[in-house]
Every structure is written in C-alpha cells, then in structure tokens.
There are 2 protein chains.
Amino acid sequence: MDAEAIKRSLESSGLRCTPQRYAVMAFLTGQSRHPTAAEIFEAVNRVDPRSSRATIYNNLRDLVEAGLVREVAAEGRAARFDAKGTRHHHFICDRCGKVEDVDWYDVSGPAPGYLGKRTLRECELIFRGLCAKCSSRRVPPRSSS
Amino acid sequence: MDAEAIKRSLESSGLRCTPQRYAVMAFLTGQSRHPTAAEIFEAVNRVDPRSSRATIYNNLRDLVEAGLVREVAAEGRAARFDAKGTRHHHFICDRCGKVEDVDWYDVSGPAPGYLGKRTLRECELIFRGLCAKCSSRRVPPRSSS
DNA sequence: TCGATACTTTAGATTATATCTAATTTGAAA
DNA sequence: TTTCAAATTAGATATAATCTAAAGTATCGA
Ligand SMILES: [Mn+2]
Ligand SMILES: [Mn+2]
Ligand SMILES: [Zn+2]
Ligand SMILES: [Zn+2]
C-alpha cells in the first residue's frame, strides 16, 4: 500500500490525513506482526513526525472505528493491532504467544437458524498450537534440563 | 458440575482443593457469561470464603495452566474467563461486546500443509455480528437522533 | 484574506488492570 | 505432633489505557 493509497483510504473514511495519523497507518500496513500500542509508539517516534502517546491511542481508536484497522482478539496484557489489508485468519502459538497471519479461506458457516436471532457478519478462525519455531524445539523453554 | 466433580477435577490436575480455589471454579462452572477477574472477585466475596484479589488472580492463573479454565480471546480491557465444560464456540457482538456461547460443531480444518511447519492443536471459531438484543434495535446507541 | 469553527495533538494526571512482595496461614504427609 | 511446601493475604508496585485542558492546525464561508 503506497502513500497515496493510505491517504485515500483515510480520507474516504472521513478522517483527515494528518502526519501522525498517516504514520500510524503506514507503520501498520508495513507490518505482518501485530504490534501493541507501545510498539507503534516507539516505531513512529524513531522518525518524524513524533507523536504523543495519547495521539497514538486516539488514532488507533479512530482507525478501528473507521474499519481500517482491527484490534486482534488474543489473550495477554496489551491490545494488538492489525491493518485490515487482505482478509486472513490467525495462528496463535501456545508457547511463545506470537500471532501469525494465515491465508484466508471461507469458513463453512453455521446452518441457518443455528445462531438464533443473532445477525452474523463474519466467521473468524483462530488456529492454536505451536508456531514453526516452537515446533522445531524439543524441550519447553521453562524446562531446567 | 457438582461439588464432588469440581473437587475431583482440581485434584486430578494436581491442585489442592482449597476453599478459595473451589469458590472460583464453582462460580465459573455456574456461569454462561464470561466474567472478568473483578467480577469473580465480587461474586465469591459475596459468600464465604472470602478471597483476596491476589488469590483470585493466582487461582485463575493456576486453573488456566491446568487446562480447567480458559482465558477468552476477545478485545477489551479486562481478561475474561470461561470454565472449560463442554466445547463451544463464541459469538462476539460488534455493538455491545458481549461474548456468548454457541454450540460446538467441528470446524473444517485447513488442508494439510496449509499451516506449514506449525503444529495445529485446535481450531476455534469466533462469530461476529449483532447479538439478539442488539439486532432487534433499529438505531445505533451513539446516534443522537 | 480573515475569522469562526471543528478537528487534532500534546504533556501530564488519572484510572483501570494485573502482578509482585514478604509475612502469615493452612493442610497433608511423615 | 512436627514439618514443610503450597496457598493466602494486604498492600505496594507495575503496566496499559483513558482523560483533561490547553494549544495547534486545517477548512470553510464571508
Ligand atoms: Mn493479522
Ligand atoms: Mn464460553
Ligand atoms: Zn511459538
Ligand atoms: Zn449486543
């Protein structure tokens, strides 16, 4: 996603393309990891323009509301964020907690009526297990052997 | 799940069945909601035995480690907990954030090789949309009309 | 161009959530 | 009983997120 595309996506969501907001969005689109607010804060403040902590949080809130970014559902202390580029699922490692992207495939939704009066918008899959790195190790990290 | 069953499940996980630990487990098994640590704290302290905040957190940690309780993957400030009774999926409301149980059905897992070198343990399905209550309302809550 | 106005950013204070510490208490086994 | 690891506790501390009030900035119409 190039600079112009980011600018357009912000403006078509009714958000001004301020330098600080752009920086958050640009950083997120360039990441396949799932950074926390603190990590985003650090990253955008390594280059101009600098942003205050409140601005990082304000912009993340605005971007999530606008549907350009999602807050990833995962356990753990700090919220993690993800630019909504191409649809994908997530793999969460039982051991190291890393959240990795997995190519999207359409999930066989529930049978009609299964969800009662609820209105379904989407089905998201979360895979759990060991990531490639953790799979290749024999011994759990906490083991003293 | 009756008292004896809870006691057995704790002990077969190598955990002492202390009054405080039992109280947390008993409360969680009786809930279809997904309470936060603060809600559990409040609930168990309405009856004896009382537990300190640290004990609630200690026991939740122990129960999650033992596999008797899971921390629910959902957005939002405080972690939510769920006794692992019968398997089920979750429906998360876009609007009010409520996490509701949905009967389990087996998810068509990814094709072999899809996940590369990762080791898959389970597929969890998260449905998103509007819960029954929010579906029946016309106007979004923030609208000023 | 000018002023009005709404949007945005900011530092620091505040609140909310979770963990740590060090001193007891408890309970099962010897 | 005595012993000792496990568990509990109050309060301190750490971490994450939000709030506040003041100042800065873009946009619009006159
Ligand atoms: Mn992702
Ligand atoms: Mn549940
Ligand atoms: Zn891993
Ligand atoms: Zn709802």
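Taking contact to mean heavy atoms within 4.5 Å, I looked up where the two chains touch, and found 36 residues from chain B and 36 residues from chain A taking part.

I noted that this is a predicted model, in which local features need pLDDT of at least 70 and side-chain atom pairs count only at pLDDT 80 or more, while totals for chains, interfaces and linings use all residues. Residues are numbered from 1 along each chain as its sequence is written, chains are lettered from A in the order in which they are written, and side-chain values use heavy atoms, with hydrogens and water left out.

I then looked up the buried area (accessible area, 1.4 Å probe, that two parts lose on being put together, summed over both), and it comes to about 3,000 Å² for chain B and chain A, with 53% on carbon and sulfur atoms. In chain B, the residues losing the most area to chain A are B:Tyr114, B:Arg118 and B:Arg128, which together make up 21% of what that side buries.

For salt bridges (a side-chain nitrogen of Lys or Arg within 4 Å of a carboxyl oxygen of Asp or Glu), I found 6 between chain B and chain A; one of them joins the side chains of A:Asp94 and B:Arg121 at 2.7 Å, N to O.

Last, I checked the strands (DSSP runs of E, at least two residues, numbered from the N terminus) and their pairing, for which DSSP must find at least two bridges between them. Strand β5 of chain A, residues 119–130, runs antiparallel to β5(B) and is joined to it by 11 bridges, and A:Cys123 has B:Phe127 as its bridge partner there.

Key. Helix = DSSP H or I, 4+ residues; strand = E, 2+ residues; numbered from the N terminus.
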